[in-house]
Amino acid sequence: MVLEQDLVRHLVEASVTVELATPDMTLNIGPQHPSTHGVLRLVAKVDGERTTDVQPVIGYMHRGYEKISEVRTYPQITALINRIDWVSGYANEIPFIVAAERLMELEVPERAQYIRLILTEMARISSHLVFMASYPLELGAATPLFFALRDRERVLDLLESVTGGRFHPNFNRIGGVKPALGSGSATRKMIQDLPKTFLPETRDAMDKVLATCDEIEDLVAGNEIILARTRGIGVIPPDVAAAYGLSGPNMRASGVQFDLRKVSDYLPYDKFSFDIPIGTAGDCWDRWYVRLAEIRQSARIIQQAVDGIPAGPLQAKVPKIIKVPKGETYVRAENPKGEMGYYLVSDGGQGPYRLKIRSASFSNISILPWILEGTLIPDIIAIMGSLDFVLGDVDR
Amino acid sequence: MSSSPSEVTLSLDELATSVATATGGVVTMTFGTAKVKVSPEAWVSALTTARDDFGLVFFSWLSAVDWTNEVQVGDPLVEPVEERYELIAAVSDLTAGNILLFTTDLPKAGPRIASLVGVYAGANWHEREAHEMFGIDFIGHPNLIKLYLPDGFEGYPLQKSYPLLTREVKPWPGTVDVEGMPGQMGESSDEPSEENPEA
């Protein structure tokens with residue numbers, strides 16, 4: 001009897017001191033998950049519905065552009081770098097071309113600069129519209145996709161009418177832009193300027209884009225489910241954003257009023273008036289809203305540029321075989337995804353000695369382990385989607 | 001957010017000069033890009049000073065340049081250089097848009113340097129990339145494993161001594177690529193094509 005009592009007491013004590021073992025489960029998300037915008041794998045350790053540790057695995061799309069660039073000529077490289085961030089291929093070309101022009105000390109004609117600027121802002125609109133389409137979709141709302149992609153098509157048609165390409169225009173040349181292909185496939189004559197109807201059509205399209213922004217805002221901003229899933233989720237404080245090198249809309253959503261279009265001179269943005277929309281909370285909702293506001297600002301810039309575009313040549317005088325003089329420079333630009341830059345080291349040859357590509361999405365998702373620790377599993381999708389990355393831009 | 005302690009906005013020149021004075025570095029300005037060269041021992045302290053005293057809080061990128069006289073890919077350098085790795089970290093402010101490139105020279109044999117992860121959290125992935133691509137060791141890095149490359153990968157692809165394997169298989173420009181179409185053999189190539197007579 002005494003023995004039995006001892007045993008009971010022993011068991012009671014044991015139940016107090018020994019906890020039930022609940023090992024964390026490892027959950028693989030991707031590499032083929034639709035919300036990963038390419039092939040990104042997340043190795044998440046989860047304790048119930050909460051994550052304890054998330055490690056992204058990247059490199060599935062690493063194409064080694066920095067190495068290939070060392071055996072390619074400058075004109076060949078623009079064709080490659082279109083494919084870094086393929087959602088806004090046109091914008092990728094700008095900082096590289098400007099870096100080469102800076103080393104060559106070329107003066108680019110003003111009309112060519114305006115065309116670059118208009119097309120860059122179109123690339124921003126189309127990139128942000130893809131976000132407007134895909135992000136609500138990831139949160140379970142399918143309708144905004146149809147509005148956003150309809151207008152993206154308008155913008156891409158215009159881009160195509162000038163460059164001949166929807167995603168990979170390869171339109172910039174060192175010293176200016178490529179002479180545009182005339183519309184009308186019967187003749188396919190090379191003409192030396194923009195298609196005749198481009199400017200009025202652009203003005204129209206921008207009015208439509210602005211109207212669509214209002215539609216999307218009505219549709220999404222008033223939706224309680226979207227608000228519940230994004231407000232206060234995935235908050236990034238400004239100092240953390242800066243330390244991780246988050247740039248573009250992701251950083252501005254955290255309240256940092258910084259835009260390279262305002263502080264650098266890679267394109268003549270100083271001639272136009274536009275605002276830098278910023279967020280206050282730095283959560284998923286702000287990242288969505290800042291991008292919507294940026295579409296409106298881009299449309300505003302394009303309308304001013306269309307009105308003020310000067311006449312003139314599209315190309316500066318450049319030698320037939322491009323050789324870039326010896327030198328080093330880093331040129332960065334405000335791309336739709338954030339800061340994109342090229343550190344170009346030339347030794348005077350036909351190709352770079354070294355080309356370091358700084359892509360926005362790489363730094364933007366390097367914050368994932370920090371921001372996803374301790375979140376709920378459904379919030380992983382909401383947070384990842386709000387960072388708006390493209391795996392081609394991560395892996396290069 | 002304005003973390004710059006001084007309200008006066010410095011130009012890039014002035015900023016580079018005062019940062020160099022504070023960190024014991026040497027400034028070079030080339031084509032609008034300011035570089036501050038520091039010694040490897042001063043690497044972490046220089047970037048800490050840049051962040052804390054000069055408002056350079058934004059970590060843009062980190063990478064390296066392999067300066068070497070014998071290359072496997074691309075054209076060799078015209079003038080011989082001192083063989084070294086030039087490690088570069090680019091940091092920026094978030095007000096005036098000034099960006100500074102901190103550089104330091106590492107030896108070709110066994111390049112090692114203290115990690116910046118404690119100063120800028122974003123250096124984590126950039127250092128992993130530089131580690132796998134150049135073979136640079138970052139002492140004190142929390143997780144110095146491969147980033148892009150598969151686990152068993154051997155060699156450091158961005159070293160100039162690393163061959164580009166596709167070029168080994170098929171030299172450039174690939175003669176196979178420009179073989180004439182049947183019926184066009186021997187025709188002069190500067191005759192305008194039917195498809196694009198004005199090209």
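Residues are numbered from 1 along each chain as its sequence is written, and chains are lettered from A in the order in which they are written. As the model is predicted, local features need pLDDT of at least 70 and side-chain atom pairs count only at pLDDT 80 or more, while totals for chains, interfaces and linings use all residues.

Let's start with a sheet in chain A. Its 3 strands are ordered β6-β7-β8, the sheet is open and the pairing is antiparallel. Helices (H or I, at least four residues) and strands (E, at least two) are DSSP runs, numbered from the N terminus, and two strands pair if DSSP finds at least two bridges between them. At the edges sit β6 (327-335) and β8 (354-358) of chain A, each pairing on one side only. Between β6(A) and β7(A) (residues 338-346) there are 9 bridges, and A:Y330 stands opposite A:Y343 in β7(A).

Across β6 and β7 of chain A lies helix α4 (residues 89-104), running at about 150 degrees to β6(A). Axes here are lines fitted to C-alpha atoms, for helices over the stretch in contact, with angles from 0 to 180 degrees between N-to-C directions. Contact means C-beta atoms, placed from the backbone, within 7 Å.

Now, a helix pair. How do α7 (residues 198-221) and α12 (residues 284-308) of chain A cross? Their axes come within 10 Å and cross at roughly 160 degrees. That makes α7(A) roughly antiparallel to α12(A), the term for angles over 145 degrees. Their contact has 11 nonpolar, 2 polar and 3 charged residues. Nonpolar covers Ala, Val, Leu, Ile, Met, Phe, Trp, Tyr, Cys and Pro; charged covers Asp, Glu, Lys and Arg; the others, Gly among them, are polar.

On to the interface: 43 residues of chain A are in contact with 38 residues of chain B. Elements giving two or more residues to the chain A side include α4, β6, β7 and β8 of chain A, so those names from the sheet come back here. That side divides into 16 nonpolar, 13 polar and 14 charged residues.

Finally, chain B. In strand β4 (residues 84-92) of chain B, 8 of its 9 residues are buried, meaning 20 or more other C-beta atoms within 10 Å of their own. β4(B) is joined to β3(B) (residues 58-67) by 9 bridges, antiparallel, and pairs with β5(B) (residues 99-106) over 8 bridges, also antiparallel.

Conventions
Contact = placed C-beta atoms within 7 Å. Parallel < 35°, antiparallel > 145°, perpendicular 65-115°, else oblique. Buried ≥ 20, exposed ≤ 12 C-beta atoms within 10 Å, placed from the backbone.
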